Amino acid sequence: MTGLTDPTDRREQILRAAVQQGLLDPDRSLLAGFIDLDGVAGTVGSLRAAFPGSVSALHAFAAKANSLVPVLAELERHGMGCEVATGGELARALAAGFPPERIVFDSPVKHRRDLEWALDLGVTINVDSFQELARVDSILAGLAPVSQIGVRVNSQVGGGTIAAMSTATRTSKFGIPLSDPESRRELLRAFRERPWLTWVHTHAGSQGCPLDLMAQGVAEAVAFAEEVNRAAGGPQVTGIDIGGGLPVNFAGDEVTPDFATYVALLAEHAPDLFSGRYAIVTEFGRSILAKNGFLAAYVEYTKTAGGRPIALTHAGVQVATRTVFAPESWPLRITAHDPSGLAKHGSPVRQDIAGPACFSGDLLARDRALPRLEQGDIVLLPDTGAYYFSTPFHYNSLPEPAVYGVRVGADDRVAFDLFRPAQDPYEVSARPGRTTVPAPRPSGLVRR
Ligand SMILES: *Cc1c(COP(=O)(O)O)cnc(C)c1O
């Protein structure tokens, strides 16, 4: 990686260049997302290096974490696969250039139309329920599939600290439960009757799941695969898809836990995974991109209410939806910068950092100690490369901000590549509903 390597300095370097190059401008461009492509390359390298070279591993990026086609195309060039959960994500993965054999389709609600498309292309499919299995039978109509087909199992090992992110609870909506006695027997029968079922898939959850729990979930999936193979008298199951879910440290720049730590735990809990009898698919999303992206937004106004300073910025619920609606589960760091992008170093003052949407909960942070923000300053939100600006929420007809891919050259020159243009704020952005009237727009500045 060229350019500055300390993450804080590097973000500041990129932010200053963005201001200098006019990508952030208090009149025209109030908010933008940035993805550090050098950082992404480093993270993908660390993911590969964490897995033993002796096993075949396809690292499929979970598209929902950041489904911008140029981001997906960059990951494709790094040799990754792509995990998709809807027909829309499948379309984006194909548009990004992923060959079908490197795409994995997981969803608990696959429509027949999407299943037919995936089977036709030869995309890998993880079946989520017995009814879906019957549907696959009917589409295949006795023919052998081109696709690799697996079953998502629910290891039922338990949940993490964020209920909405925990997918391996006893009653989770995902997968076929392994410890409900009837269901395990029925699933063993399903594998016996379908020699083309050759993969077992599990994903214990995302942010908030302890690593031990995730590794236990994988161990349960491997144990089930071994059971199928014993019953079949040979290697029917040839691959394990271990899902994603490595949590991200939102409290600082340290990458913890890292992929190597997780792989060491997997080797301890599920040694058969690395026996060489199984190919491996992974589906990491947040841990690939979160720390390689940040958001920057201007402070439009400041005020004081009830004695508390408030900075009103252009970043809020439209780009930080989870943080705004569930602040205890999704706190974000914020750094304060002057209008040129230079970090502010004044003594910290407790203040609220608010977004532009019309409800009082639209806050990026409450009572946060930061150098006092002033009108025209810039706030920077690290760790937002996944599930933030790539997935905007259209509340209040707030426009989608521009997103740039960034590389820093050997000469320290910061080069930006426009990955998604900003929506024109006056083109009624989201979905205007049926209308015959062209949206009016301001005709010019009023100057007196
Ligand atoms: C969301 C999801 C992932 C990615 O989770 P991260 O926490 O972003 O790594 C992987 N697999 C499945 C099935 C998912 O639903």
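Biologist: How many cavities of 30 Å³ or more are there?
Modeller: The count is 1 cavity of 30 Å³ or more. This is a predicted model: local features need pLDDT of at least 70, side-chain atom pairs count only at pLDDT 80 or more, and totals for chains, interfaces and linings use all residues. Residues are numbered from 1 along each chain as its sequence is written, and side-chain values use heavy atoms, with hydrogens and water left out.

Biologist: What makes a space a cavity?
Modeller: It is a set of points, on a 1 Å grid over the protein atoms alone, where a 1.4 Å probe fits but cannot get out. The largest cavity holds about 30 Å³. That volume is the space filled by probe spheres set on the points, which are joined across faces, edges and corners.

Biologist: Which residues line the largest cavity?
Modeller: Arg152, Val153, Asn154, Ser155, Thr167, Ala168, Phe174, Thr202, His203 and Ala204 do. A lining residue has an atom within 4 Å of a point. By class, the lining has 4 nonpolar, 5 polar and 1 charged residues. Ala, Val, Leu, Ile, Met, Phe, Trp, Tyr, Cys and Pro count as nonpolar, Asp, Glu, Lys and Arg as charged, and the others, Gly among them, as polar.

Biologist: Why are α7 and α8 called oblique to each other?
Modeller: Helix α7 (residues 181–193) packs on helix α8 (residues 211–232) at about 50°, with the axes 10 Å apart. Under 35 degrees is roughly parallel, over 145 roughly antiparallel, 65 to 115 roughly perpendicular, and the rest oblique. So α7 and α8 are oblique. Their crossing is right-handed.

Biologist: What meets what between α7 and α8?
Modeller: Arg184, Leu187, Leu188 and Phe191 of α7 meet Phe224, Glu227 and Val228 of α8. By class, that contact has 5 nonpolar, no polar and 2 charged residues. Contact means heavy atoms within 4.5 Å.

Biologist: At what angle do α4 and α5 pack?
Modeller: Helix α4 (residues 87–95) and helix α5 (residues 112–121) pack at about 30°, their axes 10 Å apart. That makes α4 roughly parallel to α5. The crossing of α4 and α5 is left-handed. Gly87, Leu90, Ala91 and Leu94 of α4 touch Asp114, Trp117, Ala118 and Leu121 of α5. This contact divides into 6 nonpolar, 1 polar and 1 charged.

Biologist: How do you class the pair α8 and α9?
Modeller: Their axes come within 9 Å and cross at roughly 45°. Therefore α8 and α9 are oblique to each other. The crossing of α8 and α9 is right-handed. Leu211, Asp212, Met214, Ala215, Gln216, Val218 and Ala219 of α8 contact Thr261, Tyr262, Leu265, Leu266 and His269 of α9. By class, the contact of α8 with α9 has 8 nonpolar, 3 polar and 1 charged residues.

Biologist: What kind of peptide bond joins Thr256 and Pro257?
Modeller: A cis peptide bond, with omega about -5°. Pro257 sits in the loop between β9 (239–241) and α9 (259–269).

Notes
On a 1 Å grid over the protein atoms alone, a cavity is a set of points where a 1.4 Å probe fits but cannot get out, and a pocket is an open set with protein on both sides within 12 Å along at least five of seven lines; lining residues have an atom within 4 Å of a point. Axes are lines fitted to C-alpha atoms, for helices over the stretch in contact, and angles run from 0 to 180 degrees between N-to-C directions. Helices (H or I, at least four residues) and strands (E, at least two) are DSSP runs, numbered from the N terminus. A crossing is left-handed if the near helix is turned anticlockwise from the far one by less than a right angle, and right-handed if clockwise.
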